[in-house]
Amino acid sequence: MRRGDGAWGWLSRRASVEGAAREAPEDEGANGTSEALANRLDRNLVSLTSPDSEAADQYRLLFHRLRRAEMDQGECLRVVAVTSATDGEGKSLTAANLALIAAGERVSERVLLVDADLRRPSLHGFFGVPASPGLFELARGEVTSAVAVRSLKGCGLCLLTAGALPGARDVSGAMTGAALERVIGALRQDFDAVYLDVPPLLSCADGAFLAGVSDGALIVVRAFQTSRQMVAQAVETLGKARLLGCVLNGVEARRQGGRG
Ligand SMILES: Nc1ncnc2c1ncn2[C@@H]1O[C@H](COP(=O)(O)OP(=O)(O)OP(=O)(O)O)[C@@H](O)[C@H]1O
Ligand SMILES: [Mg+2]
């Protein structure tokens, strides 16, 4: 099992966007960004709302460290899973900001952010778009990816929301691992970079499964909340999935000797 070499980035506490296929023409403004869209964004999507902020800088640093790892190892990290040990550590925010940076840097032509946390989906809320149709309907073959994937105007990013879920307890029964794997495999063909917002590793089996079908996983660790033991357990849970590194979330960058 290959392991990453420690923390990738330190995200500031001062650490918001919308809908490749499907667009929302009414949202488009004269310069390609939309006032309606901007009003719906979560303010913590700093990579888009405050690109010059210290927090956005930290996400940029994280993105470039991943790029560097790709170049050093001569391989492509096309599908990256963002997970954590437990709930509320900042997975969704990290995945969204990382994908926004990737789309903004235009290193990859087509960048997709996927809400694969079917227990606690949140990306539709961050971007102010409906949750459905999304991954759930796509995995069940009820819609095509052209219908399920939204193109977010003004930020070059595509979003696959979680979909209309039948309730947390029914999630695993409603969608098989094979169906999920098939969908991720197809998205891998259609996009140059895919960022998966994945459930926590210690809460359910989906997290490790999704990390396993990705090219590598980032573990987000909420500072002053998650114990070393929990992080160690989470790493263990990854099994043969590749750990790319850990992201320490919720500390001021200057505490870590960062800028600003
Ligand atoms: N660096 C940060 N700066 C400011 N707020 C943050 C930061 N990281 C996380 N948060 C806030 O903490 C909450 C949890 O973040 P997020 O939804 O990204 O975590 P999560 O790990 O995806 O949670 P869940 O397990 O519920 O899916 C959100 O309200 C988010 O806005
Ligand atoms: Mg989340």
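Predicted model: local features only at pLDDT ≥ 70, side-chain atom pairs only at ≥ 80, totals over all residues.
Me: Where do I start? How many helices and strands does the protein chain have?
Reply: Begin with the secondary structure. The protein chain has 11 helices and 8 strands. Then look at burial: of its 260 residues, 45% are buried.

Me: Which residues of α3 are buried?
Reply: The general idea first. An α-helix has 3.6 residues a turn, so residues three or four places apart point the same way. In α3 the buried residues are Ala55, Ala56, Asp57, Gln58, Tyr59, Leu62, Phe63 and Leu66.

Me: How do I describe two packed helices, and at what angle do α3 and α4 pack?
Reply: Two packed helices are described by the angle between their axes and the distance between the axes. For α3 and α4 the angle is about 75° and the axes are 9 Å apart. Angles of 65 to 115 degrees count as roughly perpendicular, and α3 and α4 are therefore roughly perpendicular to each other.

Me: Which residues meet there?
Reply: From α3 come Tyr59, Arg60, Leu62 and Phe63. They meet Asn97, Leu98, Ile101, Ala102 and Glu105 of α4. By class, this contact has 6 nonpolar, 1 polar and 2 charged residues.

Me: Now the core. Which members of the largest nonpolar core touch the most others?
Reply: In soluble globular proteins, nonpolar side chains tend to be buried together. Here the largest nonpolar core has 73 residues, and Ala99, Tyr195 and Leu196 touch the most other members. Helix α4 (residues 91–105) gives the largest share of this core, 9 residues. Beyond its neighbours within four places in sequence, Leu196 has contacts that include Val79, Val114 and Leu210.

Me: Why is α10 called largely enclosed?
Reply: Count its buried residues. In α10 (residues 205–212), 6 of the 8 residues are buried, so the helix is largely enclosed by the rest of the structure. They are Asp206, Gly207, Ala208, Phe209, Leu210 and Ala211. These residues pack against β2, α9, β6, β7 and α11.

Me: Is Gly177 buried or partly exposed?
Reply: Gly177, in helix α9, is partly exposed, with 15 other C-beta atoms within 10 Å. Gly177 and Leu210 are 33 residues apart in sequence, and their C-alpha atoms are 8.7 Å apart in space.

Methods: Residues numbered from 1 in each chain as written. Chains lettered and ligands numbered in written order. Buried ≥ 20, exposed ≤ 12 C-beta atoms within 10 Å, placed from the backbone. Helix = DSSP H or I, 4+ residues; strand = E, 2+ residues; numbered from the N terminus. Core = buried A, V, L, I, M, F, W, Y, C linked by C-beta atoms within 7 Å. Contact = placed C-beta atoms within 7 Å. Axes fitted to C-alpha atoms, helices over the stretch in contact; angles between N-to-C directions. Parallel < 35°, antiparallel > 145°, perpendicular 65-115°, else oblique. Nonpolar A, V, L, I, M, F, W, Y, C, P; charged D, E, K, R; others polar.
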